[in-house]
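This report is for a reader meeting the structure for the first time.

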Amino acid sequence: MAVALCLQVLCSLCGWLSIYASFCHLNKHRSYEWSCRLVTFTHGVLSIVLSAYIGFIDGPWPFTHPGSPNTPLQVHVLCLTLGYFIFDLGWCIYFRSEGALMLAHHTLSILGIIMALVLGESGTEVNAVLFGSEITNPLLQIRWFLRETGHYHSFTGDVVDFLFVALFTGVRIGVGARLLFCEMVSPTPKWFVKVGGVAMYAVSWCFMFSIWRFAWKKSIKKYHAWRSGRSEERQLKHNGHLKTH
């Protein structure tokens, strides 16, 4: 069983490396980070679809069955994701592109997935955490691509930012709190699995503080720009021309 799991993870890692190499070949005029974020976007969309299918259709329901034995589909998805996180953590360390908080998030994710695979249980809630963690990932990558192509300061950029903040707050913090509560009160999961859940939720709150600070600064900037525009409109309406300085 252990050998089969290692082979699945190894195949996943090789697969993500191959996808990255393909993106680098197809985007020779772009940076390595461009290709890496394309891989991240691909994994984000794929993991959202698969984890949503497991949680909402295949089951079991993570809010009522935490600590339950892993299903074959859960194992396949966790191996697929583990290979990706190993790839991305190695890329981030090699290129020194991320801070300590993101490295801590990736490390906890890797340890959490390994723990679920080794125990043969708790894949239900780990899959739910995967869904909550990745639900905002495609938006984060779209935001980066908009910046790189000079289209961030637009209505599209504002929509992406709003959806990102709303989903992060509602799903990762709001729904995440409910999931953590169900995990803590249930007698089934191991105590160290619960500790891992608390650690992941704490990391989410660290991200949340940074996101809220960004959202506040952007809102204030937008408000001042709106006030300035209204002031110029009133001046033009009353005087027939704008005052120059």
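## Cysteines

At 37% relative accessibility, Cys206 counts as partly exposed. The model is predicted, and a search of the whole of it finds zero disulfides. Cys14 is in no disulfide, and the nearest cysteine sulfur, that of Cys11, is 6.6 Å away. For Cys206, also in no disulfide, the nearest cysteine sulfur belongs to Cys92 and is 17 Å away. A disulfide needs the two sulfur atoms within 2.5 Å, so neither cysteine can be counted in one. Cys14 is partly exposed, with a relative accessible area of 41%.

## Transmembrane annotation

UniProt, in an unreviewed entry, places the feature "transmembrane region" at residues 6–26, 38–55, 75–94, 101–120, 158–179 and 191–212. Two of these spans can be set against the model. Residues 75–94 are 100% helix and 0% strand, and their end C-alpha atoms are 28 Å apart. Residues 191–212 are also 100% helix and 0% strand, with end C-alpha atoms 32 Å apart.

Leu38 has its place in helix 2. Leu38 touches Phe23, Asn27 and Phe145, leaving aside residues up to four places away in sequence. From Leu38 to Gln74 there are 36 residues in sequence and 24 Å in space, C-alpha to C-alpha.

## Nonpolar cores

Which residues of the largest nonpolar core touch the most other members? They are Tyr20, Val39, Phe87, Ile113 and Leu117, in a core of 27 residues. Two or more residues of this core come from each of helix 1 (2–26), helix 2 (32–58), helix 3 (72–95), helix 4 (100–119) and helix 6 (137–148). Helix 3 gives the largest share, ten residues.

Phe87 touches Leu13, Trp16, Leu17, Tyr20, Cys36 and Val39, with residues up to four places away in sequence not counted. A second, separate core has 15 residues, including Leu139, Leu146, Leu180 and Met208.

Is Ser204 buried or exposed? Ser204 is buried, because its relative accessible area of 6% is under the 20% limit. This serine sits in helix 8, which covers residues 191–239. Its side chain makes a polar contact with the side chain of Arg172, at 3.1 Å. Beyond residues up to four places away in sequence, Ser204 touches Phe168, Arg172 and Ile173.

## Aromatic pairs

The count of aromatic pairs comes to 17. Two of them are set out here.

| Pair | Distance between ring centres | Angle between planes | Class |
|---|---|---|---|
| Phe56 and Phe131 | 5.9 Å | 80° | edge-to-face |
| Tyr94 and Phe95 | 5.0 Å | 80° | edge-to-face |

Why is the pair of Phe56 and Phe131 edge-to-face? Their planes stand at 80°, and planes over 60 degrees apart count as edge-to-face. Phe56 lies in helix 2 and Phe131 in helix 5 (residues 123–134), so the pair ties together parts that are 75 residues apart in sequence. Phe56 counts as exposed, at 57% relative accessibility.

Phe95 is partly exposed, with a relative accessible area of 35%. Elsewhere, ring pairs link Trp16, Tyr20, Tyr84, Phe85 and Phe87 into a cluster. Among these, Tyr20 and Phe87 are also listed with the residues that touch the most other members of the largest nonpolar core.

## Backbone features in the loops

The peptide bond from Gly59 to Pro60 is cis, with omega near 0°. Pro60 is found in the loop between helix 2 and helix 3.

Which residue in the loop between helix 3 and helix 4 is considered here? That residue is Arg96, with a positive phi of about 50° although it is not a glycine. At 76% relative accessibility, Arg96 counts as exposed.

Ser122 lies in the loop between helix 4 and helix 5. Its phi is near 70°, a positive value in a residue other than glycine. Ser122 is buried, with a relative accessible area of 1%.

Note on methods: Residues are numbered from 1 along each chain as its sequence is written. Side-chain values use heavy atoms; hydrogens and water are left out. Helices (H or I, at least four residues) and strands (E, at least two) are DSSP runs, numbered from the N terminus. Buried means under 20% relative accessible area, exposed over 50%, partly exposed in between (1.4 Å probe, protein chains only). A polar contact is a pair of N or O atoms within 3.5 Å; within protein, one must be able to donate a hydrogen and the other to accept it, and residues adjacent in sequence count only if both atoms are side-chain atoms. Contact means heavy atoms within 4.5 Å. A nonpolar core is a set of buried Ala, Val, Leu, Ile, Met, Phe, Trp, Tyr and Cys residues joined through side-chain atoms within 4.5 Å. UniProt positions are given in the numbering used here, feature names are shortened, and annotations may be inferred rather than shown by experiment. Rings of Phe, Tyr and Trp (its six-membered ring) pair if their centres lie within 6.5 Å; planes under 30 degrees apart count as stacked, over 60 as edge-to-face and the rest as tilted.
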